[in-house]
Amino acid sequence: MDTAVRQGKTMKATGAHKAVFYKGTDGEIIKVNDKKVKIPSYLKGNNDPRSARGVVDKTVNSSPKKHTDSFVIDGKKIAAIKAPINWGPIYDFKTKNQSFLDVQKQLKLLGIKNNAFHLILFNPALQGVNPHDPNITPVQAMMVVQECQLNIFYYLREVIRIPEQGKVDTMFKLDRGTLAAVFCFIHDISFYLVKPRQTGKSVGICACLSWAFKFGVTNGQFMFAGNVDKTPKDNLKKMKTYLSALPPYMAKMGTETKDAFGRTIRKTNNVKSYVEPGAGNSAFVARCAISEAAAEEIGRGESHTQEFYDEAEFTSFIDIMVEVSGMAFNTASQNALRNGAHACRMYATTPGDLSDEKKCQRALKLVNDAVKWDEKKFYDDYANDIEGLKEEIDKKSSYRVVYIEYSYQQLGYGEDWFRWACGQVGHNAAKIRREILLQRFKGNSMSPFTETDIIELNEGVKKPVYTKTINKIYDLNFYVKPEEINANRVHFISIDPSDGTGSDNYAMVIMDPYTMKTILEFKSPYMSPFDLSKLLQYIVKTWFKKPIIVVESNRNGVTVMDCLKETWLKPFIYSSPKANALTNLTTEEYDDKGFVIKDQLMRRKYFGIKTVTDTRDVMMGLVVDAVRFKKDIVCTEYLVEDINNLILKNGRIEAAPKKHDDVVMAWAICLYTIYYGEQLERWGYRKGTLPTDVEEDDEFKQLKAVYNNPVVRQYFPTMYDFWMNVTSKEMKKAHEKKVSEQVRETYGNTMGFGVMESDIIDELDVSKRQDDAWKSSVMNRWMSMNK
């Protein structure tokens with residue numbers, strides 16, 4: 001019989017799962033408590049290799065379905081097991097693996113609806129069953145094997161054991177970063193994982209590989225690569241250790257088989273390779289690349305279904321290794337996926353040294369090309385459309401890689417752990433920044449900023465509070481929740497255009513001129529002026545009703561502005577009321593045939609900001625002053641990334657070779673226009689005043705008198721910025737304290753350490769009530785100022 005029957009319905013087993021069994025018609029014989037037990041034939045697989053994968057995908061990405069039926073093996077009902085009333089997949093909230101329960105609570109706290117998929121249990125009869133119980137029954141052992149075949153989360157949650165020094169083998173520890181990696185792995189999505197040192201990067205990946213080696217693929221090749229010879233050898237050893245620590249009835253499966261002549265073929269095991277003949281899977285260690293020529297030979301002519309590159313940002317010529325082995329991986333992975341098996345490329349590392357051209361800079365080609373991990377998008381938005389998710393990744397990333405990064409706070413480690421980790425690296429400042437705080441930096445003298453400034457900038461980087469994806473390819477990063485944006489307030493929209501062919505980015509920065517804070521960031525190397533025009537129309541119509549659109553007036557910028565002039569956005573484009581030496585641009589005067597007259601020096605108005613030597617020097621001066629004296633407004637991801645890439649060369653601040661400064665230029669143009677733009681009152685903005693929704697009262701007039709002090713004005717560019725800093729700090733502090741207290745009251749003091757309170761979203765009642773109260777307090781404050 002080739003199926004497990006459940007009340008007249010069939011669930012076919014996947015061909016990928018044939019990996020763990022001897023080849024033959026009667027199934028494999030395993031031993032449980034010295035008794036020989038035949039694996040039921042339906043576990044051997046059949047002619048439909050993809051059906052069980054469908055069961056996994058459908059169940060993992062949706063709520064388990066409840067139905068009633070009985071459990072039958074090979075046509076015989078199991079009398080020893082009483083079928084539950086609601087037979088079918090369940091979420092196992094009774095698991096003894098506390099880390100899986102903690103992660104579920106953390107995801108729920110963050111507003112993730114699909115927060116329990118890693119607790120899935122296809123066979124409810126296994127709830128409470130210890131796979132390592134020496135008294136486990138043969139029937140239970142068979143059910144454990146079947147569950148592992150279909151369910152990697154059960155394998156990690158209940159079966160695998162991790163050796164620890166001085167301790168009995170422990171259960172696998174899950175955190176949000178590892179769960180993200182497992183999610184990508186089980187859906188055959190290549191990923192690039194960045195976590196602090198000693199938080200289980202390689203442990204999690206090797207655990208996944210051990211599952212794939214036993215259950216996920218047949219006739220597959222597993223390649224282990226690393227920065228030095230020892231690294232891949234250690235990872236191969238980890239995988240073999242996890243396999244040997246499986247329950248005895250499972251560990252021995254597939255380790256030997258019979259050839260056509262009846263001779264026994266046993267597993268091959270040494271420090272550089274491991275082969276299990278039952279499944280035909282092999283794992284091997286790749287040699288290290290000492291030159292570009294050597295890198296071009298690694299992986300050439302081989303077929304890899306799984307590739308693990310550890311310490312990616314410390315591995316020489318990794319980009320060449322990835323590209324050369326890419327064809328072999330693509331062919332092998334497509335064959336595996338077509339047969340219902342799994343295939344994945346995995347990268348794990350801590351941040352490298354940005355000044356290392358052979359290692360870190362080459363690895364960053366993958367990082368800069370990758371799609372950034374987002375829990376809500378991956379777990380919720382694409383829960384029932386994994387193929388759609390893969391299509392989006394294919395469009396955005398030429399390497400088809402997802403970038404996953406989690407800080408030690410997000411992983412649930414507290415300050416005690418941080419102090420311990422600092423001690424482990426000898427309190428070396430550089431290692432603490434890279435290996436614990438996950439900061440990429442370079443210690444070169446070409447930066448226009450001091451090392452202290454760069455450190456503080458990177459430490460102060462804020463994550464977007466919301467990302468809006470347009471057409472599955474353009475990501476708008478919001479640093480203010482969209483519902484909190486005052487659409488009727490004047491906002492500056494600055495654009496640094498490019499040719500849209502992949503060399504430079506189209507960069508956009510939207511700034512609140514009253515606070516100098518960035519509201520939205522955007523960049524894309526692949527975009528046309530027409531697409532930018534459509535995107536800008538959508539942004540303005542949806543969130544910013546009173547924009548001042550500032551475009552850098554270079555060759556590409558003129559084309560962009562020509563597109564914008566053909567739309568209803570034309571009145572919002574920044575223009576000067578008169579011509580001068582820096583504004584020698586085209587006019588809008590026409591001849592009698594309707595053609596534009598271009599060659600005139602004096603013109604009524606011009607569009608855009610021209611970045612010649614004089615204006616560029618002023619713009620860079622504003623950037624330098626902001627980095628030195630006002631770091632709280634220099635805190636967004638793209639902006640800080642570009643600032644890290646700036647160098648001082650021949651007295652000019654510019655991007656380092658092969659780096660970009662598109663976002664920092666868009667930001668600088670925006671700031672320049674706020675300070676030096678001409679007659680901005682035409683669009684409703686008056687420098688140094690409050691927005692129209694905030695009026696003056698006696699208290700504010702007193703603050704205004706203090707603001708007239710030149711020292712105060714140096715640190716607060718506008719009066720509104722000064723007012724917000726003076727009046728809002730205490731309210732915000734009280735708000736955060738109340739949210740923290742409410743969270744701990746709701747979810748208990750033993751949980752939640754894997755969630756940063758700044759990550760909590762308003763969809764949860766607990767934080768929404770507090771946030772609404774805080775908003776109300778601010779509005780009341782403003783209203784009182786209106787009296």
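The lining of the second largest pocket divides into 11 nonpolar, 12 polar and 15 charged residues. In this division Ala, Val, Leu, Ile, Met, Phe, Trp, Tyr, Cys and Pro count as nonpolar, Asp, Glu, Lys and Arg as charged, and the others, Gly among them, as polar. The model is predicted: local features need pLDDT of at least 70, side-chain atom pairs count only at pLDDT 80 or more, and totals for chains, interfaces and linings use all residues. Residues are numbered from 1 along each chain as its sequence is written, and side-chain values use heavy atoms, with hydrogens and water left out.

**The second largest pocket**

The lining of this pocket comprises 38 residues, and Gln198, Gly200, Ser202, Val203 and Lys238 lie nearest its centre. Two or more lining residues come from each of strand 10 (170-171), helix 6 (201-216), helix 7 (230-244), helix 14 (415-424) and helix 15 (429-436). Helix 7 gives the largest share, 8 residues. Helices (H or I, at least four residues) and strands (E, at least two) are DSSP runs, numbered from the N terminus. The space in the second largest pocket is about 1200 Å³. A pocket is an open set of points on a 1 Å grid over the protein atoms alone, where a 1.4 Å probe fits, with protein on both sides within 12 Å along at least five of seven lines; lining residues have an atom within 4 Å of a point. The volume is the space filled by probe spheres set on the points, which are joined across faces, edges and corners.

**Salt bridges**

The structure holds 30 salt bridges, each a side-chain nitrogen of Lys or Arg within 4 Å of a carboxyl oxygen of Asp or Glu.

| Glutamate 637 | Lysine 372 | 3.0 Å |

The salt bridge of glutamate 637 with lysine 372 links distant parts of the chain, from helix 20 (residues 637-644) to strand 20 (residues 371-372), 265 residues apart. Glutamate 637 is buried, with a relative accessible area of 11%, whereas lysine 372 is partly exposed at 41%.

A network of salt bridges links Glu292, Asp319, Arg362 and Lys365. Helix 11 (residues 360-369) is mostly covered, with 8 of its 10 residues buried. These are Cys360, Gln361, Arg362, Ala363, Leu364, Leu366, Val367 and Asp369.

**Backbone and surface**

Most residues other than glycine have a negative phi. Glutamate 311 has a positive phi of about 55° and is placed in the loop between strand 18 (306-310) and helix 10 (318-338). Its relative accessibility is 11%, so glutamate 311 counts as buried. Leucine 438 has a positive phi of about 60°. The loop that holds leucine 438 runs between helix 15 and helix 16 (451-459), and leucine 438 is buried, with a relative accessible area of 8%.

On the surface, Val618, Tyr675 and Tyr676 form a nonpolar patch with about 270 Å² of accessible area together. Patches are made of residues with over 30% relative accessible area and no salt bridge: like charges are joined within 9 Å, nonpolar side chains (Val, Leu, Ile, Met, Phe, Trp, Tyr) within 5 Å. Accessible areas come from the Shrake-Rupley method with a 1.4 Å probe, and for residues only the protein chains shown count as cover. Valine 618 is found in helix 19 (residues 613-629) and is partly exposed at 34% relative accessibility.

**Contacts across the sequence**

Tyrosine 249, in helix 8 (residues 248-251), is buried at 6% relative accessible area. Tyrosine 249 and proline 131 are 118 residues apart in sequence and 9.8 Å apart in space, C-alpha to C-alpha. Glutamate 566, in the loop between helix 18 (555-565) and strand 28 (575-576), is exposed at 70% relative accessibility. From glutamate 566 to serine 533 the C-alpha distance is 9.5 Å, and the two are 33 residues apart in sequence.

Technical notes
Buried < 20%, exposed > 50% of the residue type's maximum accessible area, 1.4 Å probe, protein only.
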